[in-house]
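Subject: Structure handover

Hello,

Here is the structure I promised to pass on. My notes follow below it.

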Amino acid sequence: MSVNRKLLLIDDDAELAELLHEFLSPQGFELHAVQTGRDGVRGALSGEPAAIVLDVMLPDIDGFEVLRQIRAQSATPVIMLTARGDDVDRIVGLELGADDYLPKPFNPRELVARIGAILRRAQPPDRDAQTRPAQPRVRVGDVDLDPGSREVFKDGQRVALTGVEFDLLETLMRSCGKTVSRSELFRKVLDRDPDPFDRSIDMHVSHLRRKLGHACGGVERIKSVRGVGYVYTRVEPG
């Protein structure tokens, strides 16, 4: 099965685009760069990129509006580029549906690692991998998760999740009734070491609560365990 290696960069920094092209091409990526938000939206919705790298600061519409327009029609993975130390931009980007963020300036190797992580989550299952044992479906209460098709259903209705949200939900559901630490979630879901100041996992949990409903059978669906992590509660729908 061929793997989509097309990347879309939405950033008006021409030097950065050239640098990333030189660095990503030997890694097997095909980078297409645009310098305005409007061109970025068009490229995201018509060019079928495997992933999008999106800067917050753009000359016409800002990156948040670009992300809103993309998310209205597409679940393509998005990495937001934010100013270093600007927690507000990171939180807003994650709230709007970004899969991950990377503060500027950054090491290109770190960007490649982040792209690789989200592409592994986003790629459809390899139908030719006959020797790979099938992962069993997971059902807890009113939610049914199919790891083969990477689909989630609540009360029989499909729920659209990003790749990060799917992996996070699967990790929590497979440990239903047990607390999963934030450190473990960082490593399993985001493929990186935990950072006490990084709220990415918390924001993705918030998205899951909103999409699946905060409660099941009158019990909180995903509970926070203060200072430790999260637990998906074991409960049947009422």
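Contact here means heavy atoms within 4.5 Å. Keep in mind that this is a predicted model.

Start with Leu169. Leaving aside neighbours within four places in sequence, Leu169 is in contact with Val143, Leu145, Val152, Leu161, Leu208, Leu212 and Tyr232. Leu169 also belongs to the largest nonpolar core, which has 26 residues. Leu169 is among the members that touch the most others there, along with Val152, Leu172, Met173, Leu185, Ile201 and Tyr232. Helix α6 gives the most, with six residues. In soluble globular proteins, nonpolar side chains tend to be buried together.

Next, the strands. Four of the five residues in β5 (100–104) are buried. Strand β5 pairs with β4 (78–83) in the parallel sense, over five bridges. Leu81 has Leu102 as its bridge partner.

Then the charges. The whole structure holds 23 salt bridges.

- Arg150 and Asp167 meet at 3.0 Å, N to O. Arg150 sits in the loop between β7 and β8 and Asp167 in helix α6, so the pair ties together parts 17 residues apart in sequence. Asp167 is buried, at 14% relative accessible area.
- Glu65 and Arg68 meet at 3.3 Å, N to O. They are three residues apart in helix α3, so about one helical turn separates them.
- Arg158 and Glu151 meet at 3.2 Å, N to O. Arg158 counts as exposed, at 51%.

Shared partners also join Asp100, Glu110, Arg114, Arg192 and Asp198 into one salt-bridge network.

Best wishes

Methods. Residues are numbered from 1 along each chain as its sequence is written. This is a predicted model: local features need pLDDT of at least 70, side-chain atom pairs count only at pLDDT 80 or more; totals for chains, interfaces and linings use all residues. Side-chain values use heavy atoms; hydrogens and water are left out. Buried means under 20% relative accessible area, exposed over 50%, partly exposed in between (1.4 Å probe, protein chains only). Helices (H or I, at least four residues) and strands (E, at least two) are DSSP runs, numbered from the N terminus. Two strands pair if DSSP finds at least two bridges between them. A nonpolar core is a set of buried Ala, Val, Leu, Ile, Met, Phe, Trp, Tyr and Cys residues joined through side-chain atoms within 4.5 Å. A salt bridge is a side-chain nitrogen of Lys or Arg within 4 Å of a carboxyl oxygen of Asp or Glu.
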